2 protein chains.
Amino acid sequence: MVLPTPAIDIDRLRRLLDGVNTFGFNAVTGGYNRVGYSDDDMAVRDWFAQQMGKDGLTVSRDPVNNLFGRYGPGEGACVMAGSHLDTVPEGGAFDGSLGACIALECVRAMKDAGVEPKTAVVVAATAEEEGRFGGMLGSQTIAGAVTREWIELASDSDGVALTDAMRAQGLDPFGALDAAWTPGSIEAFLELHIEQGPVLERASIAVGIVNGISGVCNLQVRFEGVANHSGTTPMDMRSDAFAGLAEFACTIPSTIDRFGTDESRITIGKVDIHPNFAHTIPGAADFSIIIRDTSEHVMRHMRASIMLDIEAAARAHGLSHTIEEKSWLSPVTLDSGIHAVLAEEAKKLGIDALDMPSGAGHDAQTMQSFCPSGLVFIPSRNGISHAPEEWSDWADIEKGAQLMLNALVRLSCA
Amino acid sequence: MVLPTPAIDIDRLRRLLDGVNTFGFNAVTGGYNRVGYSDDDMAVRDWFAQQMGKDGLTVSRDPVNNLFGRYGPGEGACVMAGSHLDTVPEGGAFDGSLGACIALECVRAMKDAGVEPKTAVVVAATAEEEGRFGGMLGSQTIAGAVTREWIELASDSDGVALTDAMRAQGLDPFGALDAAWTPGSIEAFLELHIEQGPVLERASIAVGIVNGISGVCNLQVRFEGVANHSGTTPMDMRSDAFAGLAEFACTIPSTIDRFGTDESRITIGKVDIHPNFAHTIPGAADFSIIIRDTSEHVMRHMRASIMLDIEAAARAHGLSHTIEEKSWLSPVTLDSGIHAVLAEEAKKLGIDALDMPSGAGHDAQTMQSFCPSGLVFIPSRNGISHAPEEWSDWADIEKGAQLMLNALVRLSCA
């Protein structure tokens with residue numbers, strides 16, 4: 001008997017995603033609220049575990065609330081696929097959840113087609129990816145990349161400690177330290193995620209295959225000048241902190257031209273000037289600079305250029321300045337073997353796929369430190385994410401899901 | 001009998017100013033709080049009226065709380081001298097009060113020297129100059145430059161109506177409409193004020209004789225772009241409202257070079273970007289632009305240049321923009337005859353005086369619309385005003401006060 005080719009059932013996938021999105025929906029704003037370790041984040045996992053159980057998967061949950069559903073051999077290494085179920089506050093319907101749902105749909109499609117993998121497929125619905133507590137606790141726990149000190153110190157932007165938030169849900173925060181998977185137990189990790197940017201949509205390409213994830217350098221800068229009356233202080237006697245900031249900000253394109261790449265992003269997103277009165281020359285300016293690139297070497301050069309431009313702008317305007325490097329996350333290169341598998345399977349399916357980096361962080365980058373990992377993008381309408389307006393077209397989703405399915409079959413049945 | 005030359009008693013002046021500054025002093029901050037129509041603003045006027053009464057002046061108060069003390073002939077026109085007793089919140093010890101105190105000290109010195117003026121000298125302690133309600137109600141009332149509509153609509157930044165604030169102190173707000181002085185009843189108005197800027201101090205000159213007051217154009221601008229993820233949005237696909245603002249801000253020096261004068265001031269003092277998160281490209285920026293010059297012609301050219309630069313920056317960054325002109329106050333040229341009297345008297349006293357404009361507004365500019373007016377500046381340490389750190393040296397104050405005295409004697413005794 002010739003078995004049918006496993007195929008994504010797009011309506012079944014859509015119903016599954018709709019089911020997930022009954023949890024944490026705010027009918028007033030249209031936003032989804034399943035912030036890590038909130039009641040709705042806990043509840044959606046119970047429901048998702050039930051769905052996996054109904055499909056006959058062997059379901060388990062680890063101490064940080066990662067959810068696993070195993071299909072195929074009960075022993076031995078696995079191929080893992082999935083993404084996160086938590087959201088940012090007032091987030092969208094697709095970010096994370098779509099990837100977790102596609103992983104389960106892939107297993108359902110394999111079952112329907114009678115595909116019995118040689119290597120188990122594990123559907124993963126990871127915990128706390130959105131960084132309420134400043135990390136990616138779910139995938140870091142799987143990868144063994146979490147420390148006692150971090151767990152003790154982590155807190156959210158309202159000052160709630162991770163330990164308190166987890167204990168309030170009956171979870172043992174330090175359980176994370178014993179929950180890493182055994183080295184070699186995951187042969188590969190595959191994730192599908194919405195792009196959250198405009199590149200695929202503008203290029204009219206349905207699928208992106210991610211080659212790496214940009215590093216992130218987070219600088220916090222303060223310019224200090226002299227607040228003074230805007231009428232009585234001549235232009236050449238000013239120490240105007242905002243004028244210094246503007247002069248610096250205008251050097252950013254030159255830094256990218258000289259040292260950057262097409263993947264470079266430099267952003268001033270947060271600006272607070274003091275005293276912030278129309279008739280007073282700004283005496284101080286606090287601002288953030290976020291530097292990203294897929295090359296650590298490029299990031300270092302851009303940081304050095306920025307440091308000099310800050311120095312020059314401060315000097316030109318008679319300002320003192322401080323620069324605090326709040327964090328430096330190195331870029332991650334995803335596994336070239338998995339990337340090749342995804343590219344080949346896309347080609348076989350006749351799907352035009354773009355080789356691209358990711359400017360945002362994802363579980364796949366954490367998993368890459370533990371096992372070969374791959375990441376598939378599908379387009380985000382207008383590049384919007386982390387908002388109720390987040391949307392991806394189901395025609396694109398179907399292509400991305402089928403690619404995930406074919407890659408999973410290839411990796412688990414070989 | 002040869003009468004003594006009238007001379008300022010600097011210690012007596014200092015005691016008078018100290019007396020004024022017992023009202024509204026905040027011992028915690030060191031700031032002075034006699035905001036227009038506050039209890040301390042009312043109380044300081046009772047006290048100042050008492051002092052003038054003790055000196056034998058004929059004291060009167062008008063409906064808006066301007067205080068007058070008349071010395072010399074009870075009938076006929078007068079020469080008026082003075083300044084305001086109200087302060088900004090947490091203001092300094094000299095702004096306004098010093099000028100009111102010097103006017104009274106001048107009369108005291110004239111009395112001591114037996115100088116009996118042919119034209120009465122009126123000491124004025126004006127009301128509500130600091131613009132709690134957006135104007136200069138005291139001097140506008142004297143000059144007949146206030147309307148019923150303005151009184152009905154004026155409110156402070158907390159939304160308190162002028163009418164409510166005045167009635168709470170037992171004052172009739174619409175009394176201002178009948179309180180203008182008769183045309184010709186004031187032959188000249190003289191004011192001494194601290195410079196509130198750094199020019200005299202940097203030039204090491206004790207006295208400034210003001211030739212005019214800068215006009216003020218107040219623009220409120222909004223740039224709108226698209227807020228998006230700072231990692232996923234390539235530089236060339238951004239509509240970054242802050243990048244547009246920075247590019248515009250850097251054109252300001254060129255506008256002044258091309259169209260401005262040494263008296264031009266262009267200031268971006270208030271900036272609010274949205275959503276103001278480090279990892280999000282700014283989707284909108286609201287900012288103020290304050291344009292000042294002593295020439296209306298120059299102001300108009302600079303405004304036109306700024307409008308074009310806003311347009312260009314918006315276009316370069318794919319932003320939409322709105323520009324609201326919140327106010328346009330024309331520059332005022334002070335009376336050249338009074339200016340000449342002050343310059344001549346300074347020369348006779350051997351005081352080096354700087355011919356200069358004022359970048360800030362003062363009662364003298366309102367009075368100029370009613371009668372020939374003059375304004376004398378003395379240095380402000382570090383150019384600081386509207387703050388507890390406001391300070392002027394008593395050696396400079398003495399020179400400025402003596403100049404005021406000699407000019408008053410000349411104008412009232414001729």
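The model is predicted. Chain B can be superposed on chain A by a rotation of 180°, with 0.1 Å of shift along the axis and an RMSD of 0.1 Å, and the two copies are therefore related as by a two-fold rotation axis.

**Symmetry and interface**

- Within chain B, the C-alpha nearest this axis belongs to B:A246, which lies 2.1 Å from the axis.
- Of the interface residues of chain B, 100% are also interface residues in chain A, so the copies meet through the same surface.

**Strand β6 of chain B and its burial**

- Strand β6 of chain B, spanning residues 207-213, is mostly covered, since 6 of its 7 residues are buried.
- In a regular strand, side chains alternate between the two faces of the sheet.

**Pairing partners of β6(B)**

- With strand β15 of chain B (residues 353-358), β6(B) runs parallel, and 6 bridges join the two strands; within this pairing, B:V207 has B:A353 of β15(B) as its bridge partner.
- With strand β16 of chain B (residues 373-378), β6(B) runs antiparallel, joined by 2 bridges, and here B:G208 stands opposite B:F377 of β16(B).
- With strand β14 of chain B (residues 332-333), β6(B) also pairs in the antiparallel sense, over 2 bridges, and in this case B:G212 stands opposite B:T333 of β14(B).

Methods: Residues numbered from 1 in each chain as written. Chains lettered and ligands numbered in written order. Predicted model: local features only at pLDDT ≥ 70, side-chain atom pairs only at ≥ 80, totals over all residues. Heavy atoms only, no water. Least-squares fit on C-alpha atoms with pLDDT ≥ 70 in both. Contact = heavy atoms within 4.5 Å. Buried < 20%, exposed > 50% of the residue type's maximum accessible area, 1.4 Å probe, protein only. Helix = DSSP H or I, 4+ residues; strand = E, 2+ residues; numbered from the N terminus. Pairing = 2+ DSSP bridges.
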